[in-house]
Each structure stands twice: as structure tokens, then as C-alpha cells.
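I opened this notebook to record what I looked up in the structure, one topic at a time.

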Amino acid sequence: MTDTPHYRVVILGAGLCGLSAASYLEEIGRTDYLILERGARAGGLARTTVVDGFAFDHAIHILYSHHPYATDLICNTLLNGNLQSQTRRSFCYSAGVHTPYPYQLNNCGLPFGVVLENLRGLIAARMSRRREPPPNFESWILRTFGRGIAAHFMIPYNRRQWAWDPQEMSCEWITDRVPQPRVRDFLRGAFSPQNSCGPNRVFWYPLEGGIEALPRAMIARLPPDRLRLNATVADVDGRRQAVGLADGSRIGYDHLITTVPLPSLIRMLGCEVPSGIRELAANLHHNTVHTINIGLHGALPDPWDRMHWVYLPEAGTVFHRVSFPSNFSGAMTPPGCSSIQVEVSESARRPCDRSALLRLSLDGLVKLDILSEQESRPVAEGGRVRVAGVVTLDPAYIIYDLQHRRTTRVLLDYLAGMRIQSSGRFGAWEYLNMDQVILSGRAAAAAACP
Ligand SMILES: Cc1cc2nc3c(=O)[nH]c(=O)nc-3n(C[C@H](O)[C@H](O)[C@H](O)COP(=O)(O)OP(=O)(O)OC[C@H]3O[C@@H](n4cnc5c(N)ncnc54)[C@H](O)[C@@H]3O)c2cc1C
């Protein structure tokens with residue numbers, strides 16, 4: 001009989017949350033832990049793929065935080081000397097016009113009829129404020145912004161980004177993510193583009209290495225033997241406090257911190273889980289984001305060469321957001337080159353044709369006049385495209401369906417009863433940013449080793 005190795009804390013997943021949990025355990029000298037990561041590289045969503053000298057994050061990843069601990073850790077410890085502060089240059093493209101983000105505060109330049117409709121809707125919404133909370137996200141949009149802004153930007157953009165109907169989503173995730181205008185701010189922004197606000201108005205981005213510089217800096221501070229890569233966890237035995245790996249080996253624990261998606265974790269617990277819990281977990285929804293990465297010979301054209309990213313609410317392109325990694329840091333491309341990344345969301349409700357994504361994305365870039373027809377061809381055919389590929393993030397965003405809060409509460413309570421802490425973006429099944437998952441990993445480790 002072989003002895004099962006045993007650790008005080010086993011951490012499932014080496015994304016930012018799992019790495020942060022490990023960092024905390026190192027900090028307090030509780031080094032009897034092991035991280036199990038199914039990938040060949042740590043970092044989870046915060047990774048950067050490099051192809052022929054072109055670096056692409058797995059979708060735009062900018063850093064910002066209002067939390068003093070996360071800010072200090074990111075800026076003064078992990079990325080000290082490899083971080084640049086940037087003022088956001090993001091836009092919304094609708095009715096053939098670029099307006100600065102956020103749309104609801106910068107209508108200057110839009111056709112007069114659209115501005116008028118947006119203003120009328122906003123005033124009407126403000127005059128009919130209701131006391132009872134909005135029943136769903138669409139209703140929140142209509143009550144907050146009115147019919148004009150809802151129809152021209154908010155509803156179509158959110159449908160595209162979430163690949164889910166806003167009527168079937170709650171609005172509990174919004175907090176300060178979506179700036180809400182006063183009528184006088186709207187009026188000011190209708191005459192001149194000046195309203196720049198929101199939590200990421202100024203953000204940080206690594207000078208070198210893309211966003212993966214962040215998890216790499218965390219890994220560099222951990223002893224190498226605490227992180228096991230290519231280690232897919234296949235089952236969890238909550239009663240015996242052990243995890244089973246895909247290679248058949250088993251590892252025991254006193255405390256389990258898991259960052260794997262909540263529905264997968266419940267499946268891994270197998271038949272010990274009551275059927276009601278399994279049913280709840282099976283009803284959690286998420287979307288998938290495909291990032292289509294294009295490396296170009298030569299520079300981006302004006303005005304795209306000055307932009308970080310652009311939101312696209314209209315159906316003319318397959319993608320809902322286009323960004324320009326080469327405008328975040330010169331180190332993202334070889335010299336004399338530039339790069340573009342577009343994002344396409346899909347979900348069980350709104351599937352897309354994955355085989356056509358690359359072609360449709362290049363068509364979209366031509367439609368937007370970022371590339372000409374000829375330029376959108378590979379360099380070998382006289383075009384400018386040196387690199388083109390798709391990276392799929394699945395899951396990408398959890399869906400705040402109308403049962404979300406009740407479902408996650410029941411599931412997390414159930415797991416806590418087995419001394420399993422499910423943390424991070426997909427472990428807690430919440431819309432969390434990088435700074436928030438770093439905090440969530442730290443809190444999970446502190447709870448495991450008080
Ligand atoms: C499109 C998009 C854009 C974003 N932009 C930003 C941004 O601009 N700013 C920002 O702050 N945040 C952004 N985020 C959020 C950010 O990426 C996440 O909050 C963060 O990276 C999540 O970290 P995590 O450790 O919780 O999860 P993950 O990164 O998902 O890590 C979980 C890890 O668990 C591993 N795993 C899963 N199953 C198993 C298994 N069975 N066995 C072993 N290992 C397993 C996975 O391989 C993964 O490495 C964005 C997210 C998306 C999708």
C-alpha cells in the first residue's frame with residue numbers, strides 16, 4: 001500500500017487567486033501547502049500568449065484597484081519597476097462616430113437626433129424614479145439611463161458582451177462598474193467630449209511581459225516545489241479530505257482552497273453530493289469569450305493608433321470590442337509592428353460559428369476601416385497580417401441570472417460545511433477583477449490558517 005501524501009492546505013488552480021493564497025501562506029510561514037494546476041503554465045486568465053514576437057493577453061487585462069493592500073502589492077512589490085500608469089483612451093463607436101467612453105456621458109459628435117433622443121429618455125427616467133428595486137438588468141438600464149441611451153448603446157452592447165438577454169440577468173454586479181450620469185453632466189458631454197470617469201480612468205499596465213508579468217512575479221516568490229503543473233484534479237473526496245488527480249494519484253489535505261469553476265467542483269465531489277445541490281450547480285450559467293489576435297506589419301492607422309480599446313454596440317461586426325495591445329506597451333510587438341485583438345462572446349443561449357471567427361473578424365476590421373481589404377491578407381499574399389489566431393476563454397464571465405445569489409449562497413454554504421473554501425472568480429462564481437481575486441485568495445488562506 002502506498003502512502004498518500006498529505007498537506008495542511010491544498011490549493012486547486014494556480015490563477016491569481018490560488019497564487020495569492022499561497023503567497024499569504026508563505027508570508028505567515030505555513031509552508032505545508034501544495035498548488036495543483038491543470039495547465040502547463042500558471043496564471044489562469046491572466047496569461048499572455050506570445051506568437052512570433054507578438055504578445056496577446058487572454059483578452060484586455062488592465063490593472064486598477066481602490067484597495068490599499070492590492071495596490072501596494074501590485075505596484076510596490078510584484079511589478080515595481082515594470083509598471084506604467086496610463087490614462088484610459090477608450091471609445092464607443094456608434095452611428096459612424098467615435099465618442100469617448102462612457103457613452104452615457106459623452107454624446108458630443110453623435111447625430112443630433114440621437115443626442116436628443118438620449119437626453120429626452122434620460123430626463124424622463126429621472127422624473128419617474130421608482131422606489132422598488134429594478135427586477136432585472138434591462139429594467140435597471142431603462143430606469144437609470146432612459147430609452148434613448150438604452151436603445152443606442154446599453155442594451156445592444158450588453159447583449160453582445162454577455163451573450164445573454166439583460167432581461168434575464170440581475171443587476172447586483174453593477175456597483176460602481178457602470179458610471180451613472182446626472183442630467184447636467186450629460187448636457188456638458190453633449191457639447192464637448194470631456195467626461196472621463198469610472199474606476200479605471202487611470203490604470204496600470206506592465207512595461208514588459210503583458211499581464212502574465214503579474215502571476216510570474218507571484219510565482220517567483222514561491223518555492224518551486226509548492227506548485228505542481230499539468231496536475232488536473234479529477235475528483236474531490238470531501239469526507240476523507242483527499243483529491244484525486246487524472247493520473248490516478250491521491251493527495252490528502254486538512255483544508256481545501258479551490259478556485260476551479262463552482263459547477264466543476266460540485267461534479268468532482270461526485271455522488272456524495274445531494275441531488276438538490278447538483279441540480280443547483282447545473283443551473284449556473286457562464287459565457288465564453290473568443291479573443292481573435294492579429295499581429296500586423298507596420299503601424300495602426302489614425303485614429304486607432306491612439307486608442308486602447310473601443311466598444312461596438314452595433315451588429316455590423318462579429319466582435320463587440322476591439323483593442324490594440326501595441327498601444328498598451330511597445331514591448332507587445334516586434335519593432336515596426338502593431339497588433340489588434342477583438343472579442344466575441346458566446347453562450348449556450350447564443351452560440352457562434354467558431355470556424356468562421358477569424359475570417360469574420362478580419363472582415364469586421366475592414367468594415368471599420370482599420371484595415372483595407374488588401375491589408376487584411378497574410379504578408380505572403382501582399383497583405384499586412386503576420387500573425388492571426390484565436391484563444392478561447394471558457395468560462396469567461398459568469399452570468400448573473402435571476403437565481404444567481406440564492407444559488408451561490410446555498411452552494412457555498414454546503415461546501416463550507418465540508419471545510420472547502422471555493423474562492424476566486426469562478427470558485428465564488430462572481431464578477432471579480434484581478435485585484436479582487438488576489439484579496440479573495442488571501443482571505444481564503446487566512447481563514448484556513450487563522
Ligand atoms: C474577457 C475578460 C477580461 C478581463 N479583464 C480584466 C481587466 O481588465 N482587469 C482585471 O482586473 N480583471 C479582468 N478580468 C478578470 C480576471 O481575469 C480574473 O478576475 C482573474 O484572472 C481570475 O483569477 P482566478 O485565479 O480566480 O481564476 P482563474 O484565472 O480562472 O484560475 C483558475 C485556475 O484553475 C485551474 N483549474 C481549473 N480546473 C482545474 C482542475 N480540475 N485541476 C487543476 N486546476 C484547475 C485553471 O487552469 C486556472 O489556472 C477579465 C476577465 C475576462 C474573462
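How far apart do the C-alpha centres of domain 1 and domain 3 lie? I find them 33 Å apart. I note that this is a predicted model. The division I used gives domain 1 as 6-46 + 67-82 + 213-285 + 400-448, domain 2 as 103-191 and domain 3 as 288-393.

**Overall form.** I counted 12 helices and 18 strands in the protein. The radius of gyration is 23 Å, close to the 22 Å that the globule rule gives for 450 residues, so I recorded the protein as being as compact as a globular protein of that length. Along the principal axes, the C-alpha atoms fill a box of roughly 75 × 60 × 40 Å. Buried residues account for 46% of the 450 residues. For contacts with a separation of 6 or more, I noted that 73% are between residues 24 or more positions apart.

**Core.** The largest nonpolar core has 125 residues, and Val10, Ile11 and Ala21 touch the most other members. Helix H4 (residues 137-162) gives the most to this core, namely 12 residues. I then looked up Ala21 with its neighbours within four places in sequence set aside; its contacts are Ile11, Ile257, Gly441, Arg442, Ala444 and Ala445.

I found 34 residues around the ligand, of which Gly13, Gly15, Gly44, Gly424 and Asn433 come nearest. By class, the shell holds 20 nonpolar, 10 polar and four charged residues. At least two shell residues come from each of helix H1 (16-27), helix H11 (424-427) and helix H12 (434-448).

**Backbone exceptions.** Most residues other than glycine have a negative phi, and most peptide bonds are trans. I therefore listed the departures from this pattern.

- The bond joining Tyr101 and Pro102 is cis, with omega about 0°; Pro102 lies in the loop between strand S7 (97-100) and helix H3 (112-127).
- The peptide bond from Asp394 to Pro395 is also cis, with omega near 5°; Pro395 belongs to the loop between strand S17 (385-393) and helix H10 (404-416).
- Asp52, not a glycine, has a positive phi of about 50°, and its place is in the loop between strand S3 (48-51) and strand S4 (54-57).
- Trp429 has a positive phi near 60° and lies in the loop between H11 and H12.

Are Asp52 and Trp429 buried or exposed? Asp52 counts as exposed because it has 10 C-beta neighbours inside 10 Å. Trp429 has 25 such neighbours inside 10 Å and therefore counts as buried.

Definitions and conventions: Residues numbered from 1 in each chain as written. Predicted model: local features only at pLDDT ≥ 70, side-chain atom pairs only at ≥ 80, totals over all residues. Helix = DSSP H or I, 4+ residues; strand = E, 2+ residues; numbered from the N terminus. Rg over C-alpha atoms; globule rule 2.2 N^0.38 Å. Buried ≥ 20, exposed ≤ 12 C-beta atoms within 10 Å, placed from the backbone. Contact = placed C-beta atoms within 7 Å. Near = placed C-beta within 6 Å. Nonpolar A, V, L, I, M, F, W, Y, C, P; charged D, E, K, R; others polar. Domains from an automatic or database assignment. Core = buried A, V, L, I, M, F, W, Y, C linked by C-beta atoms within 7 Å.
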